[in-house]
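Open the model in your viewer and keep a selection panel at hand. The stops below are meant to be taken in order.

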Amino acid sequence: MSWIKMRLQEFHPIVWSLVVGTVFVRAASSMSMPFLFLYLSNQTDMSLAMIGLTIGAGPLAGTIGGFIAGAWSDRIGRRRVMPGALYVWTFVFVGFALSKDPWILLLLNIAGGLCRSFYEPVSQALMADVTPQEKRLRVFGIRYMAINVGVAVGPIAGVVLAKSSVALPFLMTALIYLIYVISLQGLLNKFGIKQIEGQKKEVVTFSHAFSVVVKDKAFRLYMLAGVLGAIGYSQMSTTLAKFAEMTVVNGTELFAILMTVNAIVVVVMQLPLTTWAEKKTPLTAILVGNAMYAVGDVGYAFANSWLIFIVAMVFFTIGEILTFTAGDVLIDRMAPESMRGSYYGAKSFSNLGQFIGPWMGGLLLAHYGGTTLFLVVAATSMMSSAFQWAGARAFEATRGKTLNEARIESL
């Protein structure tokens, strides 16, 4: 008990409130969103490419929305931006449950992408606001583990609920989001977020934030790398479900298990991999992670049984753990204190890959099959490493120090 109490006191109460909320939010969304590709292919007459375009429209909207949300959160406050996004998101999931019109579904997914881009970067920035720099890698790791605890539960629950009604997972997601946003508002007020935001030293305008981020060469290269990485990663929540259904018996059930395997591996391996990554540069962790993505994608390409799919997911998830947390650390170290929200928001530019990926994946799956699809996305993961390396070189040149020196100084 004393160990638990010590851990709870290690971070600000707002951090823990966001971590707990993340578990419920991701459990809710993973009941429905990973199955959206299957839902649309089975419940509508849309082509696979059109379904991919519809799903990808949300992240495309988030590409712009995240930057706007980040700048707004720096200017008007995190406590206003996050709850507003969650309220709108609630209605989006109700719309998914009630509508089968392709154009309405497209608009709903755009709105959902905007909501995600308004909520997630701002919550990350808020966690960094209330956490000392030397502890932020650990906080990002805890947040990422919380995401996957939720994802471990959500897909199985989604399959069970969908047996009663295909709309039920979306309605349940909406209910959980509504409960969470009401409780979040109370927690933010209770733990004094107004006072924390009042400590800002500079008012950030959108035009100033945009100009600073756009002129940052290293940041631009990292974002291009992020786009390529997102093209591959997006297949896990879109075309992988359809490919599993097309390839093996009971593929839909297998996909739910794959999502749970993904989450369990994160929970089990997060701490040892984060400990290893803390001894390396963020760039090293990302390059190794991209290689693991590629291994996982090659495994999917040639999978013809449940076992191969599951082993491929283990490798893929190791890549996910390494790249996600190291990527957050890179953004945190690049961003000025008064513009952290803007940089985290601009990070959503990589959502362009989440738009290209489902559309491209749907086309490749329909015309060339899953083997070609996953070999192509394995190659994009390796291409992402080249841009990460170039970004690291640019960062060294502009800061006059290596990423490793920056890491050591922050410890």
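Begin by selecting S381, which is found in helix α18 (residues 370–399). This is a predicted model. Is S381 buried or exposed? The relative accessible area of S381 is 1%, under the 20% cut-off, so S381 is buried. Now show what surrounds the residue: leaving aside neighbours within four places in sequence, S381 is in contact with N290, Y293, A294 and D297.

**The whole chain**

Zoom out and colour by secondary structure. The chain has 19 helices and zero strands. Of its 411 residues, 57% are buried. Among contacts in the chain with a separation of 6 or more, 85% are between residues 24 or more positions apart.

**The largest nonpolar core**

Next select L18, L86, W89, F96 and Y119. These are the residues that touch the most other members of the largest nonpolar core, which holds 45 residues. Then display the helices that each supply at least two residues of this core: α2 (13–29), α3 (36–43), α4 (48–76), α5 (78–98), α6 (102–129), α7 (136–164) and α8 (168–190). Which of them gives the most to the core? It is α5, with nine residues.

Stay with L86 and show its contacts. Not counting residues up to four places away in sequence, L86 touches Y119, Y177, Y180, V181 and L184. A second, separate core has 30 residues, including I231, L254, F309 and F374.

**Helices α2 and α6**

Hide everything except α2 and α6. Their axes come within 10 Å and cross at roughly 150 degrees. An angle over 145 degrees counts as roughly antiparallel, so α2 is roughly antiparallel to α6. The crossing of α2 past α6 is left-handed. To see the contact itself, select I14, V15, L18, V19, R26 and S29 on α2, together with R116, Y119, E120, S123, L126 and M127 on α6. L18 and Y119 were already picked out as core residues that touch the most other members.

While on α2, select W16, which is placed in this helix. With a relative accessible area of 21%, W16 is partly exposed. Bring back I142 and draw a distance between the two C-alpha atoms: they are separated by 9.4 Å, although W16 and I142 are 126 residues apart along the chain.

**Two mostly covered helices**

Select α3, where six of the eight residues are buried. The buried residues in α3 are L36, F37, L38, Y39, L40 and S41.

Then move to α11 (residues 217–233), a helix of 17 residues. From its first C-alpha to its last, α11 reaches 24 Å, close to the 24 Å expected at 1.5 Å a residue. This helix is also mostly covered, with 13 of its 17 residues buried.

For the last stop, select N250 in the loop between α12 (239–247) and α13 (251–278). Most residues other than glycine have a negative phi. With a relative accessible area of 47%, N250 is partly exposed.

How values were computed. Residues numbered from 1 in each chain as written. Predicted model: local features only at pLDDT ≥ 70, side-chain atom pairs only at ≥ 80, totals over all residues. Heavy atoms only, no water. Core = buried A, V, L, I, M, F, W, Y, C linked by side-chain atoms within 4.5 Å. Buried < 20%, exposed > 50% of the residue type's maximum accessible area, 1.4 Å probe, protein only. Helix = DSSP H or I, 4+ residues; strand = E, 2+ residues; numbered from the N terminus. Contact = heavy atoms within 4.5 Å. Expected span 1.5 Å × (residues − 1). Axes fitted to C-alpha atoms, helices over the stretch in contact; angles between N-to-C directions. Parallel < 35°, antiparallel > 145°, perpendicular 65-115°, else oblique. Left-handed = near helix turned anticlockwise from the far one by under 90°.
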